[in-house]
Amino acid sequence: MKTPDFRFHVPVDRRRFFKSMATASAGFTLPGFLAEALTLSPTVTQGPYYPLAKNIPLDKDNDLVQLRDHLTTAAGIVTHVTGRILDASGNPVRGALVELWHADREGDYLYSTSATRNPACDPDFAGFGQFLTGSDGRFRFRTVKAGLYNGRTRHYHWGVTLPGEKVRTTTQTGWNETAMDLTGKVWAIQNANDSVFSGVSDAAQRASMLPTYTAVAGTTTGEQETAWDYVAGRTFTEPTYPGGGSLVVAGVPVASGPGGNDGFRVTVPAYTGYSYEIYGNPTLAELGGSALPFAMAPSAAVDRTIFTATTDGLIDLYVTRQAVRGFYLVSFRVPGADTGTPGSAGGTGGGPGGPPGGP
Ligand SMILES: [Fe+2]
């Protein structure tokens, strides 16, 4: 469902941020209007194929089609999904972690328990991507149209973690079309008899999971696009950081990081139990726009996807890329939050997200 496009300026400083929010709330009647127009995104199973930490590529940005250092791109129909993360009142959510993972063109997931990644999965397909929303709540992904596998119709998996939340909330989107396999044969499982989509009883919610894709103007390769907003059916409180201050920090170049990689060192005032990831993009200096994750250097000390502090004090995190403007955003998650690694709450799990057996 389309909602009006609105945004307001959010400065970097948190006190000014909250002041601007209060001003915006007092001056607009939008929340009341949107409360009627918004359809809350249903929560459905995460499915069994959320990637394990060892499956997640170092390049886990919002472009699943092109892996860094790969000469070829993922096979399939290039597909663009843009949208916003909104709270239950229709306000854009800043600092929401948006995750996308899905099967490749042939229906194979990145997920594997026995190797670094499923060898059957297209080696040029990232299989997983992340985006941290800016003040406008917007996210953007470039990927390929999901492939089909036995037991399900075509679908994407989404994870959304709002600031301060401990558990990733999961939903899925499909296609408003008749699913056909790569030979053009009508697939046995369509939206109407798919266990996940047919399991959402509210018609408006079910329809919101099935956006319509259209051809991207000006391309000749069949690229498709859609706009899809995630509307959280809950409120949240943006957590304040224990030491106060900002987690927008500068990095310094280092000749050799802990993994032996050249890179950049980002020093963070860390607190026990908090988890950290590093993001950056050209608009980071204003904290506007939205942020993409930087890969941390693999080492015994620093997990390549996220680092959880075990003591208080300054910690050095190493990233493999220079922030365009020299500033990095260090995103924190509160103690006990789901970090997506094996064994964490919701990190893996069964359910009707996929067929029994291999990916
Ligand atoms: Fe799935």
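The side chain of Asn 55 reaches the backbone oxygen of Ser 112 at 3.0 Å, a polar contact (a pair of N or O atoms within 3.5 Å; within protein, one must be able to donate a hydrogen and the other to accept it, and residues adjacent in sequence count only if both atoms are side-chain atoms). This is a predicted model, in which local features need pLDDT of at least 70 and side-chain atom pairs count only at pLDDT 80 or more, while totals for chains, interfaces and linings use all residues. Residues are numbered from 1 along each chain as its sequence is written, and side-chain values use heavy atoms, with hydrogens and water left out.

Let's stay with Asn 55 for a moment. Leaving aside neighbours within four places in sequence, Asn 55 is in contact (heavy atoms within 4.5 Å) with Leu 110, Tyr 111, Ser 112, Ala 115, Thr 116 and Arg 117. Asp 69 has a phi near 70°, a positive value in a residue other than glycine. Most residues other than glycine have a negative phi. The table sets out both residues; buried means under 20% relative accessible area, exposed over 50%, and partly exposed in between (1.4 Å probe, protein chains only).

Now to the strands, which like the helices are DSSP runs numbered from the N terminus (helices H or I, at least four residues; strands E, at least two). An open sheet of four strands has the order β3-β2-β5-β6, with antiparallel pairing; two strands pair if DSSP finds at least two bridges between them. β3 (128–132) and β6 each have a single partner strand and stand at the edges, so one side of each lacks a neighbour in the sheet. Five bridges join β2 to β5, and Leu 100 stands opposite Trp 158 in β5. β5 and β6 are also antiparallel, over five bridges, with Val 160 opposite Thr 169 in β6. Five of the five residues of β6 (169–173) are buried: Thr 169, Thr 171 and Thr 173 point one way, Thr 170 and Gln 172 the other.

Finally, the cores. A nonpolar core is a set of buried Ala, Val, Leu, Ile, Met, Phe, Trp, Tyr and Cys residues joined through side-chain atoms within 4.5 Å. The largest has 28 residues, of which Ile 85, Phe 139, Phe 141, Tyr 156 and Trp 158 touch the most other members. At least two residues of this core come from each of β1 (78–86), β2 (97–101), β4 (138–144) and β5 (156–161). A second, separate core of 23 residues includes Phe 264, Ile 278, Tyr 328 and Phe 332.
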